[in-house]
Each structure stands twice: as C-alpha cells, then as structure tokens.
Amino acid sequence: MNMLPKKNEQCIICKNFHEFEFPKHLFAEFLARNVIVFAGSGVSTEKKSLLPFTLYEDIAERLGYNQCSDSFPNLMEEFCKKPNGRIELLEIIRQRFNNIKSFPELYRQSTSFHHELSTIPQIETFVTTNWDTFFEDETGAIPFVTPEDVAFWN
C-alpha cells in the first residue's frame, strides 16, 4: 500500500516525495539501534526551495564569477585569500544562519529533516558536515567538533 501523498511535480515540497522499499537487513539494524545517520552539508540551509541562492552561489558572485566550476572547498579557499576573507566568510555564514532563524517558516523548512529524525528514538548518532546547529537544536544531539571531543563519546 502506498502511504505517500500523491506526487505533484509542481509543488516545491511534494515533488521530493519518493517511494522506496526499506531493505530488510537495514530495518533489522535500525531496530537494534545500529544505524548512524550521515547528513552532508546542504541538508538544511542549502535547499534550493529555501533561499534564492546557495552559499556557493553567493560566494562566487562576491568573487565576481559569472560561471564557476570550482569545487566548494576551492571556492571557499579562494574567498579566504582576500584580505580578511576568512573573517568575512564566517560572518556571511553566520548571517545566513541568523537570517533563517529569524523567519519561522524558513527555520521550519530548514529543520524539517532534523525534526523528523528527532521523532525516531532508534537513531542515536548523527554525523554531519554542517556548520549550523540545527541537529543540536532539533534533536538534542551533543556536538563533537574537534578530535579531542570524541574522547567523550561512548
């Protein structure tokens, strides 16, 4: 039985509903609490449906690039080469997060994935490359940021 709502390709939310079959071996591991969620960057603030431009596009524009094919790390490194570039980049990122947090609907959309995960008690560990604190805010996760922090993980 299909439990998903009818997919509407015109709807910015509904078009992301995808049917899938949960593999039995993974489901067993899930029930045993042996599943770790790895969520790469982009799961929150870099959704095209959230803001009109991504951080990558913003930084490329600030560097004066009309078309950019550099990798994300290379583009950020290029920006950091500017005088005070690293400080400016961190401020741009902080402003981006603050902007999202200041609008309840943007925050809700940005944290929808995190919120859903917070309702699943079998998932106890998240690994993410995100800089935002949305996993911590929505799931109560304890952040481990540096290698020294991992000493506190069981």
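Which element gives the most to the lining of the second largest pocket?

**View 1. The predicted chain and its elements.** This is a predicted model, in which local features need pLDDT of at least 70 and side-chain atom pairs count only at pLDDT 80 or more, while totals for chains, interfaces and linings use all residues. Residues are numbered from 1 along each chain as its sequence is written, and side-chain values use heavy atoms, with hydrogens and water left out. The protein chain holds 7 helices and 2 strands (DSSP runs numbered from the N terminus, H or I of at least four residues for helices and E of at least two for strands), and from the N terminus on they run α-β-α-α-α-α-α-β-α. Of the 154 residues, 25% are buried, that is, under 20% relative accessible area with a 1.4 Å probe and protein chains only.

**View 2. Helix α4 and its buried side.** Helix α4 spans residues 85-102 and reaches 25 Å from its first C-alpha to its last, close to the 26 Å expected at 1.5 Å a residue, where the expected span is 1.5 Å times one less than the number of residues. Its buried residues are Gly85, Leu89, Ile92, Ile93, Arg96, Phe97 and Ile100. They lie on the same side of α4 because they cover an arc of only 130° around the axis, the arc being that of the directions from the helix axis to the C-beta atoms. Among the elements that cover these buried residues are α2 (55-62) and α7 (134-139).

**View 3. The largest pocket.** About 920 Å³ of space lies in the largest pocket, a pocket being an open set of points on a 1 Å grid over the protein atoms alone, with protein on both sides within 12 Å along at least five of seven lines, and lining residues having an atom within 4 Å of a point. The volume is the space filled by probe spheres set on the points, which are joined across faces, edges and corners. Of the 24 lining residues, Asn16, Phe17, Ser112, Phe113 and Glu116 lie nearest the centre of the largest pocket, and α6 supplies the largest share of the lining, 5 residues.

**View 4. The second largest pocket.** The second largest pocket has about 640 Å³ of space. Among its 26 lining residues, Phe126, Ala141, Ile142, Pro143 and Phe144 are the closest to its centre. Strand β2 gives the most to this lining, with 4 residues.

Definitions and conventions:
Buried < 20%, exposed > 50% of the residue type's maximum accessible area, 1.4 Å probe, protein only. Contact = heavy atoms within 4.5 Å. 1 Å grid on protein atoms, 1.4 Å probe; cavity = no way out; pocket = protein on both sides within 12 Å on 5 of 7 lines; lining within 4 Å.
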